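Please view the structure below before reading on.

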Amino acid sequence: MPDTPTPPAHDGLPPAGRPADAVLHDLERFGADDPDYRHGRLWSLVYWLDEAHDEFLARAWRLYASANALNPGAFRSLKRMEGEIVAAVARLQHGDAATCGVLTSGGTESCLLAAKTYRDLARATRGVRRARMVLPVSAHVAWFKAAEYFDIEPVLLPLDARLRADVSKLEALIDRDTVMVLGSAPEYPHGTIDPIEAMGEIAARRGVPLHVDACVGGMILPFMAMNGVPVPPWDYRVPGVTSISTDLHKYGYAAKGASTITYRRLDLFAHQAFVKEDWPGGVFASPALLGTRAGGAYAAAWATLQRLGTDGYRDLALRTHEAFTRLRDGVAAIGGLAVLGEPSGPLLAYGSSDPALAIYAVGDRMDARGWSVNRVQRPEGLHAMVTAQHAAVVDRYLADLAASVAEVRADPSLARRGSAATYGMLAHVPLRGLVRRQVREMFVRQYAQGAAPLDVHAEAPGAQPGARGWVERLALRYVDWQRRRGARR
């Protein structure tokens, strides 16, 4: 098909409508530089099965593409789907007939709702006005967003030597203003499951809700356990657990975006609901953050559960765990690398056990070999979210990883170039407030009309060609300040 002229990026609305084929052709063309998730080259963001599943999701979505779950009394079909999805998730997580909840647009919304719910519960029942919540250092960043949005002070729980929440320090952090405690199953940075059973005992004894963030694990840990993989108790089997968030669009393999938040009891969920009784448009009630809720997401999520069933999910969990185990053991067998913590799966992070080996430089070399590799910090490492699809590429990944390690060992200067230099220096700059302001400024700038996507290595606007990126300049200024400070001592 010949290319059809496309309106300039700054003028997205053409004066006249364009042919449908031309528009769809442009959409295909726009993705040319996106990560290659279809061939297992991407290790985050996407949980892809195959083209047939994509087509099935599209068909299910299309049936309800215009439906809106804003009013559960209008689209009763969507309310039915939501109820059946919530019931299925609750059963997998050992809930009972009292377990309740809703479908949300994603894990972040589910986390935000839990924080808001427990803040309001504490206000209503205990008169708490300066809310605090205990978060492990490894909590997903969505919880820090919730803290900022809802004016809740995050109280950080350190990690133990296994990179799990250090339960020995939990009780001392709980006070009368604590509205909730968080545990993860697993946490995102390292793939470790927090000691939920011990945390639940403390939370229950202190009368504080315990939310389990199982956005990653909620739809795979139950099936791993069915397959005989040892998984510590993390769900409603633990008496102190009061709510759980679970992403269906991760290991539930539903379309983006679909997540659930469930509560042990309806009286907890009541504090999530919003009601405005004297609005001129009528009495209004909403169960979640969004008003309009896409019917297509409901349909695709429900359809996926029906299509895969328990046997399908067990098979996917088996293949995923086998790929995870091969990757974990393969990384540990490469000299100079070490798996961080004790990940339970299905994700992990690994770093350098040799101070002379720059792990971010290894990541750069993996990027150069066509892999999309995420970085983690504190401790520094590389990250992998493993799916069933990765079983076909683990050996190739490990071979490239070994070659990347050898390349960095042969040329240590690689640690001072590319993203290795940026990430390495930025991770060690202690002036975190300054870093935050600079990141916010640069991040916001990309949303101006006509702006390019964020590139932390890019030159500052108006800078001379070849100038250092702002992150590198910031880090180098700090290093120079620290050097001069040390010289004066």
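## Helices H2 and H10

In this predicted model, helix H2 (residues 51–63) and helix H10 (residues 295–332) have axes that come within 8 Å and cross at roughly 130 degrees. Angles of 65 to 115 degrees count as roughly perpendicular and those over 145 as roughly antiparallel, and H2 and H10 are therefore oblique to each other. Their crossing is right-handed.

On the H2 side, the residues in contact are His53, Phe56, Leu57, Ala60 and Trp61. They meet Gly296, Ala297, Ala299, Ala300, Ala303, Thr304 and Arg307 in H10. Within this set, Arg307 lies over the face of Phe56, at 5.0 Å from the ring centre.

## Aromatic pairs

The structure holds 11 aromatic pairs. One of them joins Tyr251 and Tyr253: the ring centres are 6.3 Å apart and the planes stand at 90 degrees, so the pair is edge-to-face. Tyr251 and Tyr253 are both buried.

Trp279 and Phe284 have ring centres 6.0 Å apart and planes at 85 degrees, so this pair is edge-to-face. Trp279 is partly exposed, with a relative accessible area of 47%. Phe284, at 24% relative accessibility, also counts as partly exposed.

## A cluster and a charge

Trp43, Trp371 and Tyr397 form one aromatic cluster.

Note on methods:
Residues are numbered from 1 along each chain as its sequence is written. This is a predicted model: local features need pLDDT of at least 70, side-chain atom pairs count only at pLDDT 80 or more; totals for chains, interfaces and linings use all residues. Side-chain values use heavy atoms; hydrogens and water are left out. Rings of Phe, Tyr and Trp (its six-membered ring) pair if their centres lie within 6.5 Å; planes under 30 degrees apart count as stacked, over 60 as edge-to-face and the rest as tilted. Buried means under 20% relative accessible area, exposed over 50%, partly exposed in between (1.4 Å probe, protein chains only). A charge sits over a ring if NZ of Lys or CZ of Arg is within 6 Å of the ring centre and within 35 degrees of the ring normal. Axes are lines fitted to C-alpha atoms, for helices over the stretch in contact, and angles run from 0 to 180 degrees between N-to-C directions. Helices (H or I, at least four residues) and strands (E, at least two) are DSSP runs, numbered from the N terminus. Angles under 35 degrees count as roughly parallel, over 145 as roughly antiparallel, 65 to 115 as roughly perpendicular and the rest as oblique. A crossing is left-handed if the near helix is turned anticlockwise from the far one by less than a right angle, and right-handed if clockwise. Contact means heavy atoms within 4.5 Å.
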